[in-house]
Structures are given as structure tokens and as C-alpha cells.
Amino acid sequence: MPELRKHFRVLRYDTRGHGQSEVTPGPYSFEQLGRDVLALADETDLGTFSFCGLSMGGVTGMWLGIHAGKRLHKLVLCSTGAKIGNDEIWNARIEVVRKGGTKSIAAGTMERWFTARFREREPQTVERIKHMVESTSTAGFIACCEALREADFRESISAIRTSTLVISGTHDSGTSPADGKFLAKQIAGARYVELDAAHLSNIEQHDRFTQEVSDFLRASSVNAAS
């Protein structure tokens with residue numbers, strides 16, 4: 001944030017059902033989550049804005065790019081995919097969380113989100129993120145899992161005309177580099193960057209991540225359609 005705030009007005013928010021945002025009844029959809037962003041932008045007098053989303057946030061960014069492209073200046077899609085997982089994966093995760101709460105998946109989530117070397121090098125950081133997962137509302141988590149289960153933008157992602165940066169982590173098992181490369185190939189003029197990290201490259205490779213995002217947002221757009 002300190003680096004980005006040197007150049008931009010930054011609005012961060014908790015996704016519906018997470019953090020300090022309201023936990024409304026699920027299931028959620030990405031139309032709903034995308035319209036939440038537009039409502040926040042309107043509430044804070046943001047006309048045209050750039051959007052950076054990671055993982056689930058990246059899917060929200062795709063919805064915005066497809067359905068509200070005129071509101072976007074630039075788009076950054078990180079550790080995400082046009083179709084993440086499958087029904088079996090999401091149904092199993094939902095069932096585990098329904099029975100044991102978000103604490104039941106926190107440890108396994110850290111193994112997917114960070115490489116082993118990072119977990120060994122920065123255990124305090126990993127513990128902080130683990131606590132965030134454990135503190136997430138069970139109902140909110142399930143409702144967003146249901147949105148991810150249903151989301152599939154593989155056939156519509158090419159409609160995005162906003163200047164786009166795609167960032168993937170080399171060691172990300174959930175949203176692999178192949179997923180990121182697919183996005184970059186389908187979105188005209190998109191730039192692809194791969195970082196030596198697992199899922200949360202914004203934490204594991206924070207300096208490089210921040211530099212890539214900042215440079216992209218500050219550069220003049222080369223996409224005439226954006």
C-alpha cells in the first residue's frame with residue numbers, strides 16, 4: 001500500500017461475507033460481487049477506476065471487465081482462472097467447512113497458498129494469514145465457494161477490452177500458470193507475468209508483485225480499446 005499510495009487513491013474492501021463486510025444469505029454470484037464493487041465505486045465517487053483482484057477477487061475482476069468495461073481504466077488479474085476447480089472440489093470443500101468451520105481447512109490452505117520455503121522462512125506471516133482464514137465467517141465462506149463453483153468465464157473472457165495484466169505464481173496448484181496464460185491469450189493485448197511463488201504471490205513475492213502492478217497501472221495504455 002505505501003508504494004501504491006504514492007501514485008493512486010486506493011480503495012480496499014472486504015468481499016461480501018468476509019472480514020467486516022455483512023454476511024448476507026448465500027449462495028452468492030459474481031454478478032452480485034461485481035455489482036458490490038460498482039456500488040462502492042459510486043458511493044466513493046469513483047467514476048472510472050482500475051481494479052486489481054487476486055484469486056476470487058480476480059474472478060470479480062473478470063465479471064467487471066466483461067460487463068462493466070466502460071468503468072475500468074485498467075485491470076489486474078492475479079492467481080486466478082476463468083474456471084477454478086470443479087463441482088467435486090467445491091462441494092467437498094463446502095461440506096468440510098459446513099461440518100468443521102473455516103478452522104478445519106486453515107492449515108491445508110496455507111500449504112496451497114505458500115511454498116514450503118516461504119512457510120519456513122516467514123512463519124509469523126503465514127500464521128497471520130492462517131488466523132485470517134480461521135476468522136472468516138463459515139456462512140460467508142460457503143456462499144463464496146458456491147459462487148466460485150458456478151463461475152465459468154472461459155467462453156466470455158475474450159469480450160474484455162480493458163488493458164489487462166495477468167499475474168500467476170509458478171508453484172500455484174489451484175490457479176496454475178496455465179490458467180493465467182489462458183487468460184492472457186484470450187484477452188486481447190494482455191500482459192502475462194509469472195512470479196516464483198504459490199497462490200499468494202502478493203505476499204510471497206511482495207516487492208516484485210508491487211512493482212509489476214505499479215508499473216502497469218502507471219504506464220500509458222497501449223490498448224486503444226481500453
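## The sheet

Strands β3 and β4 pair in the parallel sense over five bridges. Two strands count as paired if DSSP finds at least two bridges between them. Helices (H or I, at least four residues) and strands (E, at least two) are DSSP runs, numbered from the N terminus. The model is predicted: local features need pLDDT of at least 70, side-chain atom pairs count only at pLDDT 80 or more, and totals for chains, interfaces and linings use all residues. Residues are numbered from 1 along each chain as its sequence is written, and side-chain values use heavy atoms, with hydrogens and water left out.

The open sheet has four strands in the order β1-β2-β3-β4, with parallel pairing. Its edge strands are β1 and β4, each pairing on one side only. Neighbouring strands are turned by 15° against each other on average, direction ignored. Axes here are lines fitted to C-alpha atoms, for helices over the stretch in contact, and angles run from 0 to 180 degrees between N-to-C directions.

## Pairing, strand by strand

Strand β1 (residues 49-54) is joined to β2 by five bridges, and the two run parallel. Cysteine 52 stands opposite valine 76 in β2. Leucine 54 has cysteine 78 of β2 as its bridge partner. Five bridges also join β2 to strand β3 (residues 163-169), again in parallel. There, leucine 77 has valine 166 of β3 as its bridge partner. On to β4: serine 168 has glutamate 194 as its bridge partner in that strand.

How is strand β2 (residues 72-78) placed in the structure? Six of its seven residues are buried, so β2 is largely enclosed by the rest of the structure. Buried means under 20% relative accessible area, exposed over 50%, and partly exposed in between (1.4 Å probe, protein chains only). In a regular strand the side chains alternate between the two faces of the sheet. Strand β1 has a covered face made of Phe49, Phe51 and Gly53. Its uncovered face holds Ser50, Cys52 and Leu54.

## The crossover and its helix

From β1 the chain crosses through helix α3 (residues 56-67) to β2, and this β-α-β crossover is right-handed. Right-handed means that, with the strands pointing away from the viewer, the path from the first strand over the helix to the second runs clockwise.

Helix α2 (residues 30-43) packs on α3 at an angle of about 80°, with the axes 9 Å apart. The two helices are therefore roughly perpendicular to each other. Angles under 35 degrees count as roughly parallel, over 145 as roughly antiparallel, 65 to 115 as roughly perpendicular and the rest as oblique. From α2, the contact uses Phe30, Glu31, Leu33, Gly34, Arg35, Val37 and Leu38. From α3 come Met56, Val59, Thr60, Trp63 and Leu64. Contact means heavy atoms within 4.5 Å. The contact residues divide into eight nonpolar, two polar and two charged. Ala, Val, Leu, Ile, Met, Phe, Trp, Tyr, Cys and Pro count as nonpolar, Asp, Glu, Lys and Arg as charged, and the others, Gly among them, as polar.

Helix α4 (residues 87-100) and helix α5 (residues 103-113) pack at about 135°, with their axes 8 Å apart. That makes α4 oblique to α5. Arg93, Val96, Val97 and Gly100 of α4 meet Lys103, Ser104, Ile105 and Arg112 of α5. This contact divides into three nonpolar, two polar and three charged residues.

## Loop residues

Alanine 190 is in the loop between α9 (177-186) and β4 (191-195). Alanine 190 is buried, with a relative accessible area of 19%. Not counting residues up to four places away in sequence, it touches Thr164 and Ala184. Alanine 190 and serine 163 are 27 residues apart in sequence and 6.4 Å apart in space, C-alpha to C-alpha.

Threonine 136 lies in the loop between α7 (123-134) and α8 (138-150). It is buried too, at 12% relative accessible area. Leaving aside neighbours within four places in sequence, threonine 136 contacts Gly17, His18, Thr102 and Phe141.

## Backbone points to check

Glycine 26 and proline 27 are joined by a cis peptide bond, with omega about 0°. Proline 27 sits in the loop between α1 (2-5) and α2. Serine 55 is not a glycine, yet has a positive phi of about 60°. Its place is the loop between β1 and α3. Serine 79, also not a glycine, has a positive phi of about 45°. Serine 79 is in the loop between β2 and α4 and is buried, with a relative accessible area of 1%.
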